[in-house]
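Here is a quick tour of one protein model. Have a look at the sequence and the 3D picture, then work through the notes below.

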Amino acid sequence: SIAFCGANGFPAAAYAPVLSRLSVRGYPVLGHDCFPAMLPSIDAGRHDWRSMRDMLVQSVERQANLAKAPVHGVGHSFGGALLCCAAAQRPDLFEKLVIVDPPMFAPATRVAAFIASSFVAAQHWHPLVKGALRRKSVWLSREEARKYLTTRGVFKHMHSESLDA
């Protein structure tokens, strides 16, 4: 079976058009949503890499037990990085990993980001965080959100089924 983990902010259901093609070909797929924004019931103090990795490990462990075999991990962006962390902790759960576009940074970049965040909160210096904070996130209706999003970036080319998820 396939354990899928998508990009930060995108539920596994957003990948349904792609994942359903794997399912039709006989590969059972289980999407794992391990991000704080998608799991409002988790403790607010647990929004870090280790807790998300642990949630993913627990979920994949259940999947592997049901399948009675290690799973193939497939991850996109942050979901891929999270799968790498899970596989490093529990390699016995995974037969293979397929990681697409993971956010990997050189050691010097990680050190610089750590030092910068020690002095100034990321929202003041990190371009991705600054952009996310400026991004519109509240609409009056789903139709208003769809109209806005379908003119922007990645959403412009997104399958309607993915956008509806």
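One term comes up again and again: a residue is called buried when its relative accessible area is under 20%, exposed when it is over 50%, and partly exposed in between, with a 1.4 Å probe and protein chains only. Glu 61, for instance, counts as partly exposed, because its relative accessibility is 29%.

This is a predicted model, where local features need pLDDT of at least 70 and side-chain atom pairs count only at pLDDT 80 or more, while totals for chains, interfaces and linings use all residues. Residues are numbered from 1 along each chain as its sequence is written, and side-chain values use heavy atoms, with hydrogens and water left out.

**The overall layout**

- The protein chain has seven helices and four strands; helices (H or I, at least four residues) and strands (E, at least two) are DSSP runs numbered from the N terminus.
- The protein chain is made of 165 residues, and 28% of them count as buried.
- Take the contacts (heavy atoms within 4.5 Å) between residues at least 6 apart in sequence: 60% of them join residues at least 24 apart.
- The protein chain exposes about 10,800 Å², and carbon and sulfur atoms supply 59% of that; accessible areas come from the Shrake-Rupley method with a 1.4 Å probe, and for residues only the protein chains shown count as cover.

**The nonpolar cores**

- A nonpolar core is a set of buried Ala, Val, Leu, Ile, Met, Phe, Trp, Tyr and Cys residues joined through side-chain atoms within 4.5 Å.
- The largest one here has 17 residues, and Leu 56, Val 60, Val 71, Leu 82, Leu 93 and Phe 94 have the most contacts inside it.
- β1 (2-5), α2 (49-67) and α3 (78-89) each supply at least two residues of this core, and α2 gives the most, with six residues.
- There is also a second, separate core of eight residues, including Ile 2, Ala 7, Ala 12 and Leu 19.

**A buried polar residue: Gln 63**

- Gln 63 sits in helix α2, and it counts as buried because its relative accessible area is 6%.
- Which residue's side chain is joined to that of Gln 63 by a polar contact? Ser 1 is the partner, at 3.0 Å.
- A polar contact is a pair of N or O atoms within 3.5 Å; within protein, one must be able to donate a hydrogen and the other to accept it, and residues adjacent in sequence count only if both atoms are side-chain atoms.
- Leaving out residues up to four places away in sequence, Gln 63 touches Ser 1, Ile 2, Ala 3, Leu 30, His 32 and Val 71.

**Salt bridges**

- Side chains of opposite charge can pair when their charged atoms come close.
- A salt bridge means a side-chain nitrogen of Lys or Arg within 4 Å of a carboxyl oxygen of Asp or Glu, and by this rule the count is three.
- Asp 54 pairs with Arg 53, their closest N and O atoms being 2.9 Å apart.
- Glu 61 pairs with Arg 90, with the closest N and O atoms 2.8 Å apart. Glu 61 lies in helix α2 and Arg 90 in the loop between α3 and β4 (94-100), so this pair ties together parts that are 29 residues apart in sequence.
- Asp 92 forms a salt bridge with Arg 90 too, with the closest N and O atoms at 2.7 Å, and Glu 61, Arg 90 and Asp 92 are linked in a network.
- Arg 90 is partly exposed, with a relative accessible area of 22%, and Asp 92 is partly exposed at 48%.

- His 72 lies in strand β3 (residues 71-76). Setting aside neighbours within four places in sequence, His 72 is in contact with Ser 1, Ile 2, Ala 3, Glu 95 and Lys 96.
- Leu 22 is in helix α1 (residues 16-24). The C-alpha atoms of Leu 22 and Ile 2 are separated by 8.9 Å, although these residues are 20 residues apart along the chain.
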